[in-house]
Amino acid sequence: MSDAKMAGRRPLKSRDVPLFRALAAGLVRAGISPNAISFSSIVFAFLAALAFWGTKSGVEWSLRLHWLGAALFIQMRLLANMIDGMVAVEGGKGGPTGELWNEAPDRVADAAILIGAGFAAGGDVLLGFGAALAAVFVAYVRALGVSVGAGQIFIGPQAKPHRMFVMTVAALALAAMPASSLPLLKIALWIVAAGSAITAWRRLARIAAFLRERGAK
């Protein structure tokens with residue numbers, strides 16, 4: 001069984017990238033705790049939200065920087081989410097509260113980024129809150145699967161990496177053409193919201209199938 005499955009973690013090929021492995025090893029040597037790295041993801045998420053909010057400045061060069069900043073901080077949030085597990089598992093620095101602080105900051109980070117996008121230029125506040133709520137529900141369903149014995153279910157189409165990919169692409173596209181007449185950010189938020197609903201349904205169906213199979217034994 002792979003290390004990722006043994007630790008109940010999302011399987012990610014990027015964990016094998018030498019640069020990321022070296023970064024994790026460096027953080028282990030520096031004595032940085034996995035929990036601290038987990039909480040740093042909240043900082044990056046709020047910086048992404050502030051960058052989204054800053055796109056309302058109206059100055060073109062500033063718009064580009066803010067869109068690029070949003071994309072960068074979203075990716076930094078994801079990097080922190082990956083590195084904390086590498087430090088905890090591969091680095092042997094996991095503690096008794098590791099599972100708790102690995103998950104809780106994720107929910108705050110998801111909400112901050114998606115709500116922040118709702119307040120951005122071309123965004124929609126209600127849609128941002130709706131996408132955030134849908135994302136949190138997807139994570140809740142995954143936790144529900146664990147609680148009933150079905151294990152971690154990471155299927156998409158809008159699991160966390162997919163949600164952040166959509167928002168990153170939208171931010172980069174708007175950095176390249178900030179004056180675009182296309183409602184790119186609203187489209188991205190709709191993709192996240194609708195895709196999260198589909199994802200939650202697929203996970204619920206998987207859990208239900210597991211419970212029926214277990215009940216038939």
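Start by selecting Asp106, Asp110, Ile113, Leu114 and Ala117 in helix H5, then Lys160, Arg163, Met164 and Met167 in helix H7: these two groups meet. Contact here means heavy atoms within 4.5 Å. By class, this contact has five nonpolar, no polar and four charged residues. Ala, Val, Leu, Ile, Met, Phe, Trp, Tyr, Cys and Pro count as nonpolar; Asp, Glu, Lys and Arg count as charged; the others, Gly among them, are polar.

A word on the model. It is predicted, and local features need pLDDT of at least 70, side-chain atom pairs pLDDT 80 or more, while totals for chains, interfaces and linings use all residues. Residues are numbered from 1 along each chain as its sequence is written, and side-chain values use heavy atoms, without hydrogens and water. Helices (H or I, at least four residues) are DSSP runs, numbered from the N terminus.

**The H5 and H7 pair**

Show all of H5, residues 98–118. H5 and H7 pack at an angle of about 25°, with axes 12 Å apart. That makes H5 roughly parallel to H7 (angles under 35 degrees count as roughly parallel). Axes are lines fitted to C-alpha atoms over the stretch in contact, and angles run from 0 to 180 degrees between N-to-C directions.

Go to proline 157. It lies in the loop between H6 (125–147) and H7 (160–176). The peptide bond from glycine 156 to proline 157 is cis, with omega near 20°.

**Helix H8**

Now select residues 184–216, helix H8. Its 33 residues should span 48 Å at 1.5 Å a residue, and its end C-alpha atoms are 48 Å apart, which agrees. The expected span is 1.5 Å times one less than the number of residues.

Color the buried residues of H8, including Leu185, Leu189, Val192, Ser196 and Ile207. Buried means under 20% relative accessible area (1.4 Å probe, protein chains only). What covers them includes H3 (34–54), H4 (60–88), H5, H6 and H7.

Stay in H8 and pick arginine 203. Is arginine 203 buried or exposed? It is buried, with a relative accessible area of 1%. Beyond its neighbours within four places in sequence, arginine 203 is in contact with Val138, Val141, Arg142, Ile153, Phe154, Ile155 and Ala159. Its C-alpha atom is 9.8 Å from that of glutamine 152, 51 residues apart along the chain.

**Last stop: H4**

Select aspartate 84 in H4. Aspartate 84 is buried, at 2% relative accessible area. Leaving aside neighbours within four places in sequence, aspartate 84 is in contact with Pro34, Ile37, Ser38 and Asn102.

How values were computed: Angles under 35 degrees count as roughly parallel, over 145 as roughly antiparallel, 65 to 115 as roughly perpendicular and the rest as oblique. Buried means under 20% relative accessible area, exposed over 50%, partly exposed in between (1.4 Å probe, protein chains only).
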